[in-house]
Amino acid sequence: MHNQPSFQDVSELRFAVNGPVFLPTDPGFAAETAAFNLATVHAPDLAFGALDADDVAAAVRWAAARNIPVAVQSTGHGATNMVESGLLISTRRMLELSIDPLERTARVGAGVKWKALADAAAVHGLMGLSGSTSDVGIIGYTLGGGLPVLGRRYGFASDHVVSFDLVTADGTLRVVDAAGEPELFALLRGGKGNLGIVTAIEFRLFPDDALYGGGIHYPGESAAQVLEAFAAWAPGLPEDASASLAFVRLPDMELVPGPLRGKFLVHLRFAHQGDPVLAARLLEPMRACAPVMMDSTGPLPYSAFDAIHQDPDSPVPVRECGFLLSGIDAGAREAILARLGAGVESPVLIAELRLLGGALRGVPGSDCVGGRDAAYSFFMAGIAVPPTMAPLQEALHGVRAALEPWSTGRTFVNLHGHSADAADRSRAWDPESYRRLAEAKAALDPQNLFRFGPVVEPLRAAADTAPAPV
Ligand SMILES: Cc1cc2nc3c(=O)[nH]c(=O)nc-3n(C[C@H](O)[C@H](O)[C@H](O)COP(=O)(O)OP(=O)(O)OC[C@H]3O[C@@H](n4cnc5c(N)ncnc54)[C@H](O)[C@@H]3O)c2cc1C
């Protein structure tokens, strides 16, 4: 149960904060709540554009006192489920960004995207551990672990966080680091937005030199032989190299360049940091395994890392589904090809197998990042508009069911996709991490104020209905 804000509540929020407050009838409401994923149209009771950490704290105190649930959004890249009530806090105005080139650290506010950090760090010959696109928010990504382009070399982005500025459900702002609050620090790394709103983080940077990366495109007809070659090649790569293979069905839409419209392609993505001669040699088997349509691999400035995965850079309506695999033996490859290979009609626009392992294995139990033991991440997405929704959902479920024998039973929270219910969301954590998160949530957020997105249920779920502290 939660309360709906009254007219007086709204006036009191406006008085308590400096950023803009929007009612659903206000002209700025749609823009304030808009998500990158156009399939998700949030409908909270109220939206608020926070200017800084004090603003976030004041809004959370306001919501806690009225038992009004709170959601947070930076870019809406992770908007897989809709926010249907309560207060949506938008952090996109929180653009603090500073770099300490001597300490090799960065501090960013909750609205900063990877693009801004990559450009600022490059000036100092440094880079952060960004994922496949520079358009996602650093904090949302990192709270989910953050699977970087160079993850096999450096581990998850959250492995390199120095501290979090966190507003908890009681509206207090605290700095959380390994020395001061080790358990909370561990739970924030991979625990997503369960325990509060992170208003800023500090994290380590790395030298950005000697990146060799890009993509190789093959015609879809070669899907079977490329997948076969990838399965034989990828597990033998050194940790300095990361790779993924995507089956891409380009839509028959104007946004796709004419000759590629409606085509089925296979896209190998590759990133290596180190000797470029070695990188080129590592790629040889994949250059030779099938006819190549386009090869853009080569030395690349890190700030141009978007060229590796070539993710969409403008908002699209999508439905996503991801899970983790223990391997891709012949049976798994057959299952993939039967549902997504050449000659198959599928509304799944992209299906990506991303090699894990290397430094991503980290130290299990030291944080809440799931999937450290998995061999591959498998992620799919398709255009989610009414005519394609039902067949898309059916196709996503079909592929997931077909790959069940090779699934670890877990998902990577950032790439989980739409979640059906609490049981489905819980697949993002192993049982022990889930228990620790639920216990911390019961202590820090007994009202379950932060109940949107990929969240756990507090251990004392009945506390959801407890009277609000005043
Ligand atoms: C094209 C594309 C490529 C991607 N590639 C990768 C990849 O390579 N590696 C990877 O790890 N992930 C990847 N992702 C997933 C992405 O990291 C997640 O969707 C992430 O949640 C995006 O964060 P955001 O803040 O931009 O999104 P938002 O939708 O704004 O936020 C998503 C969720 O993050 C949490 N959150 C955001 N901000 C805060 C905050 N300040 N405090 C507390 N919680 C917060 C909340 O739970 C929120 O619901 C990709 C996503 C897309 C769409």
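**View 1. Residue classes in the shell around the ligand.** Sorted by class, the shell around the ligand holds 13 nonpolar residues, 15 polar residues and three charged residues. The structure shown here, as in the views that follow, is a predicted model. There are 31 residues around the ligand, and those that come nearest are Ser74, Thr75, Gly137, Leu147 and Lys192.

View 2. Gly137, one of the residues that come nearest to the ligand, places a backbone N or O atom 2.7 Å from an oxygen atom of the ligand. A backbone N or O atom of Gly76 lies 3.0 Å from a ligand oxygen atom, while for Asn414 it is an N or O atom of the side chain that is found 2.9 Å from an oxygen atom of the ligand. The ligand taken alone would expose 940 Å², and 93% of that area is buried by the protein.

View 3. Helix H5 supplies four residues, which is the largest share of the shell.

**View 4. The crossing of helices H8 and H9.** Helix H8, made up of residues 223–233, and helix H9, made up of residues 276–288, have axes that come within 9 Å and cross at roughly 150°. Because angles over 145 degrees count as roughly antiparallel, H8 is roughly antiparallel to H9. The crossing of these two helices, H8 and H9, is right-handed.

Terms used
Residues numbered from 1 in each chain as written. Predicted model: local features only at pLDDT ≥ 70, side-chain atom pairs only at ≥ 80, totals over all residues. Heavy atoms only, no water. Near = heavy atom within 4 Å. Polar contact = N/O pair within 3.5 Å; in protein donor to acceptor, adjacent residues only side chain to side chain. Areas by Shrake-Rupley, 256 points an atom, 1.4 Å probe, with all protein chains shown as cover. Nonpolar A, V, L, I, M, F, W, Y, C, P; charged D, E, K, R; others polar. Axes fitted to C-alpha atoms, helices over the stretch in contact; angles between N-to-C directions. Parallel < 35°, antiparallel > 145°, perpendicular 65-115°, else oblique. Left-handed = near helix turned anticlockwise from the far one by under 90°.
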